[in-house]
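Here is the note you asked for, written for someone opening this entry for the first time. The points can be followed one by one with the sequence and the model side by side.

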Amino acid sequence: MISYNGIAVSSGIARSKVKVLNDVNDFGKVEVGDIIIVYKSFPGWVIPLMKASGMICEIGGALSHIGILCRESGKPCVSGISDVCSIIKDGTDVMIDGNIGKVYVYK
Amino acid sequence: MSINNKQLLIEFSKAIAVPLYNTDAIKWPIRSSHVISVVNDIYAVEYLNQLRELVCNYNPQVWKQAIPSSLILWRMIHHIINGLEKANLSKQEIAEDCLLMVDIIRYIDNNDELYSHNHLITSTSEIEYLSCKYYRICENEYKIQLISLATLLWAYAESLYFQGREICCEYHGPYRFNGEIVVIRDFANFMPIDLWENGNYDTKIRSIRIVTFHKENVNLTIDAFNNVNITGENFVDFCTGGLLFINNKIASKEEIIVAMEEFSQKLECQLGLVNLMSSDELYRKYAYIFWYRKKSLADFLGQEWTPPSKVFDILSNVKIEPSAKSNYRTAEGIQYLERKYDYSIFI
């Protein structure tokens, strides 16, 4: 298991397979319970977030779209992990701890 | 007046500093300050002239017709101050202008205080009515969908008006009643026909109000820029129930799903439209949105709301360099911003 430190943006813990989203064309690949990984804030992420159990973001602070959307939706979110979109691949088993800003990647 | 002008201006600078410190360096589709910093002197001087005209020529009882919510001013205030600085006004003049804006905000909010941790605009009797009159949506599945609808509409507001989402949504509270926290989210202006021509905006929904009730364990604040901050316990888990109003009428659980489907489609459509825009088109749109954010004031004064042509001349001749740099991410960030926007020493 590898762990990454980021910023705790929205509290809670979730563990699931991840989907890396680049743009609106990737909305369709998200399944219920997935953890989604995105590069930066974008209002459109609210649509896949409805299905997701949590979110990881490379860039984005407490008042980013993502931060606000996740906190309101009660879903954990960790941001500020450099290159996370390329480090973690689709289907990887990941746990996010939005209380302390940690992401655990299971091999 | 409960506090003097100096104290008011200190409170004012603190209220601005916190949300500015927390703001994101990268915003979608582009950070507004990158565009507006080249024309904010024109904007600020025009805005202040309009505010002075309002205050000098009209009775305070009608100010709310011109500025329906204090958010309209709050969310622009740092741009206005920066613009006045750029226009080379003296610090004393800017301090006076800040006091003018503070007075208008306090009058609109019916408050002597400048709240920076909540936004209280609904009377206690109305909160009591909302709490007691209606059967709440209490099933967990629908509560989650109700909150999801709110986040969806919030995102839709940003897709229509970018950082000018106050045109479309206003969150207020937290109100405390009968051992509960009440949060109200009001949404309107879903058809921005003055700004967008080609989107899918037709809807029978004119307004949506989402009311949620929470156990007091939730620590929720709403800052001066209407950003919601939730810390501690889970916002959804501690939601005890909710209400949905569509076009001012209480709506059923089933209508949550219908509204979600409609606005999901509209959001996707709008995002597609914005993503196709060139940088130049985005800059022009930003200028229109900036001026649109004070349209109600211009309309009230019988003036043209659109940007003057020189704004577009400047935008077409200036090279705008979007930067991902975070401005204030230092340990002293908030103190720096408080000092930057503190004009109390100039009065």
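1. Helix α7 (residues 91-109) of chain B is made of 19 residues and reaches 27 Å from its first C-alpha to its last, which is close to the 27 Å expected at 1.5 Å a residue. Please keep in mind, here and in every point below, that this is a predicted model. The buried residues of α7(B) are I94(B), A95(B), D97(B), C98(B), M101(B), I104(B), I105(B) and I108(B), and the elements that cover them include α1 (5-22), α3 (40-57), α4 (63-66), α5 (70-74) and α6 (77-86) of chain B. Directly after α7(B) comes N110(B), whose phi is positive, near 55 degrees.

2. Within α10(B), the residues I256(B), A259(B), F263(B), K266(B), L267(B), Q270(B), L271(B) and V274(B) are buried. The cover over these buried residues includes α1 (46-51) of chain A, together with α9, β3 and β6 (239-246) of chain B.

3. How do α9(B) and α10(B) lie relative to each other, roughly parallel or roughly antiparallel? Their axes come within 9 Å and cross at roughly 25 degrees, and that angle makes α9(B) roughly parallel to α10(B). The crossing in which α9(B) passes α10(B) is left-handed. On the α9(B) side the contact is made by residues including Y142(B), L146(B), L149(B), L153(B) and Y156(B), while on the α10(B) side the contributors include I256(B), M260(B), F263(B), L267(B) and L271(B). The residues of this contact of α9(B) with α10(B) divide into 16 nonpolar, five polar and two charged.

4. Turning to the contact between the chains, 27 residues of chain B are in contact with 24 residues of chain A. The residues of the side of chain B that touches chain A divide into 13 nonpolar, nine polar and five charged.

5. One helix pair that spans the two chains deserves a separate look. Helix α2 (residues 65-73) of chain A packs against helix α9 (residues 140-161) of chain B at an angle of about 165 degrees, with their axes 9 Å apart, and the two are therefore roughly antiparallel to each other. In this pair α2(A) passes α9(B) in a right-handed crossing. From α2(A), the residues H65(A), L69(A), E72(A) and S73(A) meet I147(B), S148(B), A150(B), T151(B), A155(B) and E158(B) in α9(B). The residues of the contact of α2(A) with α9(B) divide into four nonpolar, four polar and two charged.

6. F162(B), in the loop between α9 and β1 of chain B, has a positive phi of about 50 degrees although it is not a glycine, and F162(B) is buried, with 23 other C-beta atoms within 10 Å. N189(B) likewise has a positive phi, of about 55 degrees, although it is not a glycine. The place of N189(B) is in the loop between β2 and β3 of chain B, and because N189(B) has 15 C-beta neighbours inside 10 Å, it counts as partly exposed.

7. The peptide bond that leads from G173(B) to P174(B) is cis, with omega near -10 degrees. P174(B) lies in strand β1 (residues 169-177) of chain B.

8. Is D202(B) buried or exposed? D202(B) is found in the loop between β2 (180-188) and β3 (207-215) of chain B, and with 9 other C-beta atoms within 10 Å, D202(B) is exposed. As a guide to distances in chain B, D202(B) and I81(B) are 121 residues apart in sequence and 37 Å apart in space, C-alpha to C-alpha.

Methods: Residues numbered from 1 in each chain as written. Chains lettered and ligands numbered in written order. Predicted model: local features only at pLDDT ≥ 70, side-chain atom pairs only at ≥ 80, totals over all residues. Helix = DSSP H or I, 4+ residues; strand = E, 2+ residues; numbered from the N terminus. Buried ≥ 20, exposed ≤ 12 C-beta atoms within 10 Å, placed from the backbone. Axes fitted to C-alpha atoms, helices over the stretch in contact; angles between N-to-C directions. Parallel < 35°, antiparallel > 145°, perpendicular 65-115°, else oblique. Left-handed = near helix turned anticlockwise from the far one by under 90°. Contact = placed C-beta atoms within 7 Å. Nonpolar A, V, L, I, M, F, W, Y, C, P; charged D, E, K, R; others polar. Expected span 1.5 Å × (residues − 1).
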